[in-house]
Amino acid sequence: MATEFHNLQELRHSASLANKVFIQRDYSEGTTCRFQTKFPSELESRIERTLFEDTVKTLNNYYAQAEKIGGQSYLEGCLACATAYLIFLCMETRYEKVLKKIAKYIQEQNEKIYAPRGLLITDPIERGMRVIEISIYEDRGSSGSSSGSSSVSGSTAR
Amino acid sequence: MQSCEYQQIDPQALPTPTPTPPPHHGNDVNKREEPKRPRRKWQVFPGKNRFYCDGRIMVARESGVLPLTLGLILITSGLFFIFDCPFLVKHLTSCIPVIGGGLFVFVVITLLQTSLTDPGILPRATPDEAADIEKQIDNTGNASYRPPPRTKEVLINQQVVKLKYCFSCKMFRPPRTSHCSLCDNCVERFDHHCPWVGNCVGKRNYRFFYTFIVSLSFLTAFIFGCVTTHLALRAQGGKGLVFAVQESPGSAVELVICFFSVWSILGLSGFHTYLVASNLTTNEDIKGSWSGKSGEGVTNPYSHKNIFINCCSVLCGPMPPSLIDRRGFLPTDESVQTGGVSIELPALAAKSEINVCTQGTKGLLESATLPPLLSTSCPQGKPQTAYTCPDSSPAVNSDPSPQLSTSCGARHTASSRDNTSPPRHTKTRSKKSKLAALHIPNPSFDVPVSPTSPDAGPSFIPMH
């Protein structure tokens with residue numbers, strides 16, 4: 001785990017941030033948390049479409065699991081109401097448990113799939129669940145400039 | 001020579017004198033004086049909220065009439081327990097104070113939870129996100145000199161919903177989200193800003209609010225009933241109401257308060273029960289978003305079309321987490337901490353002093369001529385951090401630069417928060433710029449910068 005984390009640090013140290021891609025929310029099914037699975041054009045040369053779509057679909061499934069209204073959530077809700085919601089101070093809610101799973105999943109995906117391709121996914125919870133932010137890194141040693149390099153100056157100068 | 005000067009002044013200038021900067025920096029930042037402690041995110045929160053207990057509790061800046069609400073509840077319940085309960089326990093049953101006590105505790109707890117919980121505030125967009133959104137808006141061909149009101153249409157359950165662009169938060173508001181002008185925050189599933197509770201009512205605290213008003217209506221009705229019974233019993237035997245009131249004056253006060261509040265609270269509970277059953281918010285109901293006024297076939301896309309499921313999803317649904325992470329540490333301090341390797345420090349510190357010195361004089365000259373605008377201060381900030389940690393400059397540039405600009409952005413909205421050293425530094429330099437050229441104290445302002453500029457944290461607070 002320490003060595004893998006070290007790899008991500010090395011990525012940040014040895015590469016420079018070229019661009020960021022934002023995967024927006026998909027509101028077609030209401031206000032539940034879902035992200036668009038549309039493959040962004042900036043990632044076309046960096047990662048296979050299927051891998052990306054798998055990641056986003058798995059994340060969507062996790063969020064659906066967290067926000068599912070069913071027997072267990074009703075039980076949790078009724079128990080919480082009966083205790084004047086004080087139980088939220090002591091107990092970890094199901095949503096929080098799923099968020100931990102998501103954080104672990106994103107870490108794993110970053111280490112195995114995205115970091116070797118010079119990409120890094122930021123957990124949506126750090127962006128207010130609005131977007132999945134994917135940072136695209138360029139190798140410092142590489143001479144070729146990506147199409148995102150012009151937007152580097154644009155975005156970093158702000 | 002300049003570095004010699006800095007070193008001489010260094011021990012005097014700093015509150016915790018240390019011989020040389022490197023071991024100073026090598027220590028854990030937490031052990032240093034106040035400005036070096038890593039700051040938590042609530043300290044730089046851009047909205048109009050107040051935080052207590054190191055970010056665990058939050059209230060809106062305008063507490064409204066929350067003290068009045070609490071006061072009324074406490075006074076009425078207190079009078080009830082003092083004046084009515086003893087008589088009623090003697091003449092009726094001892095369950096009365098038990099039920100009253102239970103309801104009272106329930107009301108106070110849910111009131112405090114409604115007031116002190118994050119209602120579902122959406123954190124503002126990071127500068128990169130905002131830039132990306134701006135790019136997308138421009139791409140859609142709005143090239144006129146006057147930008148049109150920014151809206152985006154989405155289809156939710158076959159219903160067209162317009163998402164508005166929030167200029168304060170720099171993002172398209174998710175559906176059912178509204179920006180509260182009193183709190184200066186976008187709140188998810190915004191219901192209303194309740195002055196009685198002193199907070200917005202939104203996705204995260206709506207269930208607390210609903211439980212509060214329902215239990216309060218029960219409590220008010222219960223006290224009203226008990227007081228009426230008490231006075232009626234006392235007035236029995238031809239003694240008259242006046243005699244009863246004279247014997248128990250507190251009951252008269254309770255009667256008045258309860259009589260006037262029970263109707264409004266019962267009405268509010270009934271209204272919110274209707275909203276819960278149809279999965280609407282007060283905001284939507286008032287605007288008539290789904291009532292079909294604007295067109296035909298407009299239905300509420302969020303309703304589950306079943307009263308029971310609507311109630312359960314609103315009141316017993318999973319509790320969403322707070323998105324603003326109040327107690328998290330600001331990344332600027334952390335990433336620079338991890339970036340600053342202790343072995344490299346002597347060279348770095350010397351380098352940084354020289355570079356900061358040149359930056360300092362440059363900054364002085366610039367600030368003398370220009371007003372201390374935030375926009376000029378932000379670019380100054382970036383070269384400084386780049387100089388101070390050359391080995392880890394990608395990390396510093398890539399990670400804190402959004403955060404630096406975020407915190408600069410946050411400063412745009414927060415009136416009284418100092419986030420980054422460069423803007424603050426510029427401001428202080430501009431104040432002292434007239435004295436700058438000749439006076440030795442001026443370098444003393446730069447001195448704290450040199451050992452601490454690797455932190456890129458606010459290090460000048462004790463100086464002012």
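A: Let us begin with burial: a residue is buried at under 20% relative accessible area, exposed at over 50% and partly exposed in between, with a 1.4 Å probe and protein chains only. Helices (H or I, at least four residues) and strands (E, at least two) are DSSP runs, numbered from the N terminus. This is a predicted model, in which local features need pLDDT of at least 70 and side-chain atom pairs count only at pLDDT 80 or more, whereas totals for chains, interfaces and linings use all residues. Residues are numbered from 1 along each chain as its sequence is written, chains are lettered from A and ligands numbered from 1 in the order in which they are written, and side-chain values use heavy atoms, without hydrogens and water.

Q: Which residues of α5(A) are buried?
A: They are A:R94, A:Y95, A:V98, A:L99, A:I102, A:Y105, A:I106, A:Q109, A:N110, A:E111, A:I113 and A:Y114.

Q: What span should helix α5 of chain A have?
A: The expected span is 1.5 Å times one less than the number of residues. Helix α5 (residues 94-114) of chain A has 21 residues and should therefore span 30 Å; its end C-alpha atoms lie 28 Å apart, in agreement.

Q: Why does A:T55 count as buried?
A: A:T55 counts as buried because its relative accessibility is 4%. A:T55 lies in helix α2 (residues 49-66) of chain A.

Q: Which residues does A:T55 touch?
A: Contact means heavy atoms within 4.5 Å. Leaving aside residues up to four places away in sequence, A:T55 touches A:Y105, A:Q109, A:Y114 and A:I121. A polar contact is a pair of N or O atoms within 3.5 Å; within protein, one must be able to donate a hydrogen and the other to accept it, and residues adjacent in sequence count only if both atoms are side-chain atoms. The side chains of A:T55 and A:Q109 make such a contact, at 2.9 Å.

Q: How many residues does each chain give to the contact between chain B and chain A?
A: Chain B gives 48 residues and chain A gives 40 residues.

Q: How many salt bridges cross this interface?
A: A salt bridge is a side-chain nitrogen of Lys or Arg within 4 Å of a carboxyl oxygen of Asp or Glu. The rule finds two between chain B and chain A. B:D128 forms a salt bridge with A:K20, with the closest N and O atoms 2.8 Å apart.
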